[in-house]
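Reader: I would like to go through this structure with you and ask, for each term, what lies behind it.

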Amino acid sequence: MSSGPSTEDIGEQLEKLKTDFEKENNDLSKLIEQTVQKLNSLTNEKLDIAITGPTGAGKSSLVNALRGKKDDEEGAAETGVMQTMERKQYPHPTFPKVTLWDLPGVGTYETQEYLQKVHFTEYDFFIIVASVRFRENEILLAQEIHKMNKKFYYVRTKLDVDIESERRQQNFSEEKTLEKIRKYCRDNLAEAGESHPRVFLVSSRYWRRYDFQLLLEVMGNELDELKRYALITALSNSSKGILKKKKAAMEALVRKVAHVSSIMGASPVPGLSLVCNIPYLEEEMRDFSTVFGLDEDSLHRLARQVGKTVPVLGSAIKKTRIASKIDSEFVKTLLSRMCTYEGRNRWETFLLHYLPGLCSLFGRVNSFAAISHMLQRFLDDAEEDAENVLAKAVGY
């Protein structure tokens, strides 16, 4: 009856494992370096959005709406009919790599001087605003943007004012009123030489009405991967469609985060047959929660917007946690649900005690699978919590 491998046999096997582990580590270090660079590129990508149009058209209010701020809130873009002579920048309050630029009114300067004054080539895309109709200056601006092969969007603002005015008419129909305004804008753009003009009708005051959500979705669809990620993660959680886009954007990161967490700085997790970088996972999961608006700052901004309290909105968060409350114990609890612990065998215990680095050779695949599954479940739960917060905010 065999008594098991001899000490000499175990020593030879350990040396072979050690050699294989070192070779694999050299390959893995390159993979991890590339993965980290990709993650950093996504999370640190800058996005500059220019809001332009005539003075008094509602540019500043649109800047505030896109940043999730009310016009009278501290840090909001100043609104009113006063003419702005210089461009002003407004970083997103949660994702400062995304900046909205409130440009001087079109017509403030001659076209070429205007382009130079506002640093026209520095922006990733443009929103051209009008409150009544688009005029010659806006068309000239669009032509210059065409020359740079950049995107721009015609946005007709102050729809709530028009709707309330028309509501007093007999046989009022909101649908017909909107179509009349849309056609009027398209016709005057076509007359000025714009072929197939696309116009979005919005109200900065009512961000869930009209074309506001459509505008956000279209902008997100038409950017490259890095810019799209920056925009989508910074958008306010104003619809289920936006939340789904956010989830899809973060799902693309799950495997990358799992790779890094299961290798770089990974160590055995007590009570689980896993190797994992818990602090790294904490940080990434807090970022995921923040993207979904499940953080204190986002909840405070939303509460001010909708006139409700933070505790009321926060009560809808049932499956995950507010970002600041995600800690190592929370991460370990979620990981424990992904795997069953039946006790380490003698061989694994021996390696863990004498050669802890080698245990990652055994546990890496299982660790990667468990972390990936845990992160996917976390995103599912965070999306559901974010939908419930939105439902609390808008009352449905």
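Reader: What makes E2 and strand E3 a pair, and in which sense do they run?

Author: This is a predicted model, where local features need pLDDT of at least 70, side-chain atom pairs count only at pLDDT 80 or more, and totals for chains, interfaces and linings use all residues. Residues are numbered from 1 along each chain as its sequence is written, and side-chain values use heavy atoms, with hydrogens and water left out. Two strands pair if DSSP finds at least two bridges between them; E2 and strand E3 (residues 98–102) have 4 bridges, in the antiparallel sense. Within this pairing, Pro91 stands opposite Thr99 in E3.

Reader: Where do strand E2 and strand E6 stand in the sheet, and why?

Author: The open sheet has 6 strands in the order E2-E3-E1-E4-E5-E6, with mixed pairing. Strand E2 (88–91) and strand E6 (199–201) each have a single partner strand, so one side of each is left without a neighbour in the sheet and they stand at the edges.

Reader: Why is Cys185 called buried?

Author: Buried means under 20% relative accessible area, exposed over 50%, and partly exposed in between (1.4 Å probe, protein chains only). Cys185 has 0% relative accessibility and therefore counts as buried, and Cys276, at 2% relative accessibility, counts as buried too.

Reader: How many disulfides does a search of the whole structure find?

Author: A disulfide is a pair of cysteine sulfur atoms within 2.5 Å, and the search of the whole structure finds 0 of them.

Terms used. Helices (H or I, at least four residues) and strands (E, at least two) are DSSP runs, numbered from the N terminus.
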